Amino acid sequence: MRRWMVMATAALFAWAPSAAVAQTAAPDPVQALKKQFRAERGVDFTEISRSGSGEVRVRRHGQVQLGTGGPLAAYITGWNVYNDDRLNDIEPEARLIVADDTYYLAGESLPEGKNWMGLKYGEKLKIEPESLITEQTINVFDPAVLKVTLKGATAKPVSGGFFYRGDVTYAELSKAAKSYYAADQEGVTSKKNAKTKIEWRLWTDGNGLIKRLTAKTLSVKGAVLERVDTRYSDWGRWQIIPPPAADEVIDWEDAKNLPRDLPDPNAIDLGATP
């Protein structure tokens, strides 16, 4: 009887490896992302970014509407938080809508009935919408960028999903999405910065969907230029983000003639409330 039990146990262990592999095999985050590109679906995110000095943190919260090709629109709020004697001085909230190839920034001291300033980013800024959504250098909404970022990284099982870590350069990101990174004046458009390294860590859930991305951008000499921590939630939620009503919007060029300071449309910082 004892001999039979030993043989039966050995037989069970002979089948066990395939089951163990099934439990630890990580879903491909790139394919998981592509499955989210559906009409009227979206994702939420929260983000904290800071410059190398760390004196100012920019906090963001947003909802992103996805389509069959990627992000279509977004609604974002953000504010600056200071670490010096203004520690408890949190600036007024800035609000931003990206929709219909237009950047809408909520503003004060606008003409009566006008609540937003609108700027066609495709014409004036010559950038893609994702760059207005987040401070992350790594565009996780682009499958090609996500693929080159994860190249060579090994998934490590963790509670609730998987963990990856690695680094990628501006040059590698640009090669994967040239038009997207062409507008980054501090990155790939400067040859001396093309080899700038972004050290990153990424967490996914059990289905391969991104839960969190932290990234540290280093200069060619190794100095920390920026740190960004972004958390994603509610992938696949129903989401429609319409642009503001046309009668509430004043054109950016017309707003420039008002007696007030406006942000430079070529250097937009959501954390800086106009």
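**Aromatic pairs and the strand sheet**

User: Starting with phenylalanine 163: buried or exposed?

Analyst: Phenylalanine 163 is buried, at a relative accessible area of 13%. Buried means under 20% relative accessible area, exposed means over 50%, and partly exposed is in between, with a 1.4 Å probe and protein chains only.

User: What kind of model is this, and what gets counted?

Analyst: It is a predicted model: local features need pLDDT of at least 70 and side-chain atom pairs count only at pLDDT 80 or more, while totals for chains, interfaces and linings use all residues. Residues are numbered from 1 along each chain as its sequence is written, and side-chain values use heavy atoms, with hydrogens and water left out.

User: What is the mean pLDDT of the protein?

Analyst: The mean is 81, and 76% of the residues reach 70 or more. pLDDT is the predictor's confidence in each residue, from 0 to 100. Residues 1–22 are below 50, and beyond near neighbours in sequence this stretch has zero contacts in the model. Residues 265–274 are also below 50, but that stretch has 28 contacts beyond near neighbours in sequence. Contact means heavy atoms within 4.5 Å.

User: Back to rings. How many aromatic pairs are there in the whole structure?

Analyst: A search of the whole structure gives six. One of them is tyrosine 103 with tryptophan 252, a tilted pair with 5.6 Å centre to centre and 50 degrees between the planes. Rings of Phe, Tyr and Trp (its six-membered ring) pair if their centres lie within 6.5 Å; planes under 30 degrees apart count as stacked, over 60 as edge-to-face and the rest as tilted.

User: Where do tyrosine 103 and tryptophan 252 lie?

Analyst: Tyrosine 103 is in strand E5 (residues 102–106) and tryptophan 252 is in helix H8 (residues 252–255), so the pair ties together parts 149 residues apart in sequence. Helices (H or I, at least four residues) and strands (E, at least two) are DSSP runs, numbered from the N terminus. Both tyrosine 103 and tryptophan 252 are buried.

User: And which residue pairs with phenylalanine 163?

Analyst: Tryptophan 203, again in a tilted pair, with 5.0 Å centre to centre and 45 degrees between the planes. Phenylalanine 163 lies in strand E8 (residues 161–169) and tryptophan 203 in strand E9 (residues 197–205), so this pair links parts 40 residues apart in sequence. Tryptophan 203 is partly exposed, at 22% relative accessible area.

User: What lies over the face of tryptophan 203?

Analyst: Arginine 212, at 4.9 Å from the ring centre. A charge sits over a ring if NZ of Lys or CZ of Arg is within 6 Å of the ring centre and within 35 degrees of the ring normal.

User: Which residues form an aromatic cluster?

Analyst: Phe141, Tyr232 and Trp235 form one. Trp235 is also among the residues touched by glutamine 36, together with Arg41, Leu66, Leu209 and Gly236, not counting residues up to four places away in sequence. Glutamine 36 lies in the loop between H2 and E1, and counts as buried at 10% relative accessibility.

User: Change of topic. What is the strand order in the sheet?

Analyst: The sheet is open, with 12 strands in the order E7-E8-E9-E10-E11-E1-E2-E3-E4-E5-E6-E12 and mixed pairing. The edge strands, each pairing on one side only, are E7 (156–158) and E12 (249–251). Two strands pair if DSSP finds at least two bridges between them.

User: How many bridges join E1 to E11?

Analyst: 10, and the two run antiparallel. Glutamate 47 has threonine 230 as its bridge partner in E11. Leucine 213 also stands opposite threonine 230. E10 (residues 210–218) pairs with E11 in the antiparallel sense over seven bridges.

User: What about E2, how many of its residues are buried?

Analyst: Nine of the 12 residues of E2 (residues 56–67), so it is largely enclosed by the rest of the structure. E2 is joined to E1 by 10 bridges, antiparallel, and to E3 (residues 70–82) by 12 bridges, also antiparallel. The hairpin from E2 to E3 goes through two residues.

User: Which phi value does glutamate 40 take?

Analyst: Near 60 degrees, a positive value in a residue other than glycine. Most residues other than glycine have a negative phi. Glutamate 40 is in the loop between helix H2 (29–34) and strand E1 (41–51), and is partly exposed at 40%. Aspartate 234 has a positive phi too, near 55 degrees, but lies in strand E11 (residues 224–238).
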